[in-house]
Amino acid sequence: MLGYALCAAYVLVGGLYFWVYNLLNLYPDFGYTLYGTTFAMLVFIPILTMRSLAEEHRSHTDQLLLTAPVSIPSIVAGKYLAMTAVFTVPVAILGLCPLVMRLYGTVSLPKAYGALLGYWLLGCAGIAIGLFLSGLTDSPIVAALATFGVLLLSYLMPGIQSLFTVGSLLAVGIFGLLAALAGLLAGIRSRSLMLGMLVFLALCAALAALYGLRSAALTGAFSALLGALGLFTPFENFIYGIFSIPAMIYYLSITALFLFLAGQGLEKRRWN
């Protein structure tokens with residue numbers, strides 16, 4: 001029932017924007033209509049993904065799932081493809097809007113459907129993030145809030161990046177925290193405190209050398225890092241009618257990365 005309700009609500013939001021922008025105000029660009037509805041993903045994706053793995057863990061049905069003769073990639077792929085199918089339904093319905101515009105006016109169908117493809121890839125990447133975050137907790141509410149927070153931060157990232165001014169020393173501190181996190185993850189993954197410390201010290205040594213030789217490179221790297229966190233930014237290329245291969249690779253890479261991380265989380269839980 002939740003899937004039907006989400007699809008209906010999403011189509012309602014998209015239909016309202018289509019009616020106001022394209023039919024009422026006669027705006028010929030369907031891409032901007034899609035961009036106006038991206039805020040709906042901040043609610044749609046967390047609700048869609050919050051129970052995917054967290055509910056399995058909370059109700060202990062994951063024990064049956066993890067002991068079944070099914071591979072971890074198959075479990076992750078099954079969960080992900082099911083949620084992607086639910087998201088694809090309202091996107092496919094919105095795909096009829098350019099045809100309606102074509103009947104009563106002028107619209108560039110390649111541009112409209114190119115924007116729709118970018119919109120779908122954006123949603124698929126967000127679903128992969130939500131699936132990964134759902135696997136980190138046994139509370140669907142916590143998973144939904146975490147996914148909403150991550151997507152909201154990514155949604156606001158262009159504004160944050162434009163307002164954020166950073167010096168090279170502050171960049172060293174931020175990358176130092178990331179090095180500590182990398183060392184911690186390496187230590188937990190290998191169950192070796194020594195390996196975690198070695199990873200942390202090696203990254204700190206590399207940061208110190210880079211700060212001494214090319215401090216400006218750290219500032220540029222930090223700005224690039226903030227840009228990479230803007231999940232919604234590459235979608236703008238599709239809105240402007242640019243069929244961006246780098247944007248497609250970015251979304252596919254984000255999807256593959258978080259599906260891999262979700263699989264690693266399940267693998268760790270299976271062995272525990």
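Me: In which helix does Asn22 lie?

Reply: Helices are DSSP runs of H or I with at least four residues, strands are runs of E with at least two, and both are numbered from the N terminus. Asn22 lies in helix α1, which spans residues 2-24. This is a predicted model, in which local features need pLDDT of at least 70 and side-chain atom pairs count only at pLDDT 80 or more, while totals for chains, interfaces and linings use all residues. Residues are numbered from 1 along each chain as its sequence is written, and side-chain values use heavy atoms, with hydrogens and water left out.

Me: Is Asn22 buried or exposed?

Reply: A residue is buried under 20% relative accessible area, exposed over 50%, and partly exposed in between (1.4 Å probe, protein chains only). Asn22 counts as buried because its relative accessibility is 5%.

Me: With which side chain does the side chain of Asn22 make a polar contact, and with which residues is Asn22 in contact?

Reply: A polar contact is a pair of N or O atoms within 3.5 Å; within protein, one must be able to donate a hydrogen and the other to accept it, and residues adjacent in sequence count only if both atoms are side-chain atoms. The side chain of Asn22 has such a contact with the side chain of Thr33, at 2.7 Å. Contact in general means heavy atoms within 4.5 Å. When neighbours within four places in sequence are set aside, the contacts of Asn22 include Asp29, Phe30 and Met101.

Me: Which residues of helix α7 are buried, and what covers them?

Reply: Cys97, Pro98 and Met101 are buried in α7, residues 97-104. They lie on the same side of α7 because they cover an arc of only 100° around the axis, the arc being that of the directions from the helix axis to the C-beta atoms. Their cover includes α1, α2 (30-36), α6 (72-94) and α8 (109-134).

Me: How many salt bridges does a search of the whole structure find?

Reply: A salt bridge places a side-chain nitrogen of Lys or Arg within 4 Å of a carboxyl oxygen of Asp or Glu. The search finds 3 in the whole structure. One of them joins Asp29 and Lys111, with the closest N and O atoms 3.0 Å apart. This pair links distant parts of the chain, 82 residues apart: Asp29 is in the loop between α1 and α2, and Lys111 is in helix α8. Asp29 is buried, at a relative accessible area of 11%, whereas Lys111 is partly exposed, at 30%.

Me: How many helices and strands does the protein chain have, and what share of its residues is buried?

Reply: The protein chain has 14 helices and 0 strands. Of its 272 residues, 40% are buried. Among contacts with a separation of 6 or more, 77% come from residues 24 or more positions apart.
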